[in-house]
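Please consult the sequence and structure shown here alongside the text.

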Amino acid sequence: MPAVFLKDRSLLFVSGAEAQSFLQNLITTDIAALGADEARPGALLTPQGKILFDFMIWQDRDGYTIETDAGQRDGLLKRLTMYKLRAAVTLAPSTEEGVTVSWGEDAEGARGSQGARGSQGARDSRFAKAGVTLTRRAGRQGDGAEALYNALRIRHGIVTSGSDFALQDAFPHDVLMDFNGGLSFRKGCYVGQEVVSRMQHRGTARRRVVTVSAATDLPGTGTEITAAGKPVGTLGSVDGGNGLAIVRIDRAGAAMAAGTPLLAGDTPVSLVLPAWSGLVFPASADEASA
């Protein structure tokens with residue numbers, strides 16, 4: 001497949017003697033466990049445990065590159081600066097704009113090429129969970145259609161903020177960060193950690209990412225998914241008859257067990273939890289709380 005340039009992505013560089021500890025105490029990702037050639041998802045949470053900013057992060061020379069939506073970068077930089085205080089950390093926007101993603105044979109070729117600040121392409125851990133080798137590199141190094149990348153991530157249940165969920169409205173569990181390497185329960189405290197740890201230990205996460213399919217084209221992003229007229233979730237990214245949604249899996253599971261049709265607007269749909277998550281739909285309220 002061709003390398004695809006994502007023009008709406010922006011980069012920050014975090015460096016300095018205390019860069020690792022600074023990030024480790026703030027964000028959901030376990031920075032100490034981050035592989036040298038690995039890009040992991042992460043988030044900076046509100047104190048209530050919801051996603052304030054989401055991003056990808058990887059090691060880059062003597063620091064870390066954070067890749068986020070272009071519309072989030074300045075806000076994220078401002079928030080990180082607020083937490084910096086007297087830490088020996090330097091925060092700077094990258095001079096390169098956009099990110100190139102490659103997969104298949106192109107991803108293997110990218111492993112030997114040079115990206116931002118001399119780093120090799122970093123392998124995206126979210127796609128690795130789904131059995132796909134996909135690398136991310138700073139700057140424009142490909143001309144493939146962005147629709148190819150969107151179709152790939154929809155097929156494998158990989159969401160992005162804005163299209164699939166609203167910031168400050170979703171918990172990390174809602175977007176499967178507890179399964180894709182973006183959420184740590186072992187590294188100690190960070191902003192919002194108490195809330196997400198409680199959700200994990202009590203097993204109270206009910207909203208989850210699903211892939212959506214229909215025999216015809218799906219309606220647009222934001223369309224409500226219902227069962228017997230009751231809301232189950234909301235449609236996110238769409239690619240023809242395939243899409244993503246975040247749904248209440250207890251409600252969806254009960255509807256499927258009862259043979260109740262699921263509709264996106266007026267369109268009959270099927271919902272599947274990403275295989276890499278290992279999750280299953282509960283068939284009843286009792287099963288959901290087990």
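## Report on the predicted model

A19 is buried, with a relative accessible area of 2%; buried means under 20% relative accessible area, exposed over 50%, and partly exposed in between, with a 1.4 Å probe and protein chains only. The structure is a predicted model, in which local features need pLDDT of at least 70 and side-chain atom pairs count only at pLDDT 80 or more, while totals for chains, interfaces and linings use all residues. Residues are numbered from 1 along each chain as its sequence is written, and side-chain values use heavy atoms, with hydrogens and water left out.

A19 is found in helix α1. Helices (H or I, at least four residues) and strands (E, at least two) are DSSP runs, numbered from the N terminus. Leaving aside neighbours within four places in sequence, A19 is in contact with V14, Y64, A88 and V89, where contact means heavy atoms within 4.5 Å. A19 and V89 are 70 residues apart in sequence, yet their C-alpha atoms lie 5.4 Å apart in space.

V14, for its part, touches A19, F22, L23, G63, Y64, I66, V89, T90 and L91, not counting residues up to four places away in sequence. A nonpolar core is a set of buried Ala, Val, Leu, Ile, Met, Phe, Trp, Tyr and Cys residues joined through side-chain atoms within 4.5 Å. The largest such core has 23 residues, of which V14, F22, L23, I57, I66, L76 and L80 touch the most other members. Two or more residues each come to this core from β2, α1, β4, β5 and α2, and β4 gives the most, with four residues. A second, separate core of 19 residues includes A214, A227, A252 and L271.

**The nine-stranded sheet**

Nine strands form an open sheet of mixed pairing, in the order β1-β7-β9-β8-β3-β4-β5-β2-β6; two strands pair if DSSP finds at least two bridges between them. β1 (4-6) and β6 stand at the edges with a single partner strand each, so one side of each is left without a neighbour in the sheet. From one strand to the next, the twist averages 35°. Angles run from 0 to 180 degrees between N-to-C directions, with axes that are lines fitted to C-alpha atoms, for helices over the stretch in contact.

Helix α2 lies across β2, β3, β4, β5 and β6 and runs at about 135° to β5. Helix α5 (residues 146-155) lies across β1, β7 and β9 (134-138), at about 90° to β1.

Helix α2 (residues 70-84) has 15 residues and reaches 22 Å from its first C-alpha to its last, close to the 21 Å expected at 1.5 Å a residue; the expected span is 1.5 Å times one less than the number of residues. At the start of α2, a side-chain oxygen of D69 comes to within 2.8 Å of the backbone nitrogen of G71. The buried residues of α2 are Q72, R73, L76, L77 and L80, and they pack against β2 (9-15), α1 (19-24), β3, β4 (51-60), β5 (63-69) and β6 (90-93). Just after α2, L85 takes a positive phi of about 50°.

In helix α6 (residues 193-202), Q193, V195, V196, S197 and M199 are buried. Their cover includes β3 (38-45).

| Pair | Sense | Bridges | Bridge partners |
|---|---|---|---|
| β1 and β7 (residues 99-103) | antiparallel | three | L6 and V99 |
| β12 (residues 230-239) and β13 | antiparallel | five | D239 and N242 |

β12 and β13 form a hairpin with two residues between them, and G240 in the turn has a positive phi of about 65°.

D250 lies in helix α7 (residues 249-258) and is buried, with a relative accessible area of 14%. The side chains of D250 and R248 are joined by a polar contact of 2.6 Å. A polar contact is a pair of N or O atoms within 3.5 Å; within protein, one must be able to donate a hydrogen and the other to accept it, and residues adjacent in sequence count only if both atoms are side-chain atoms.
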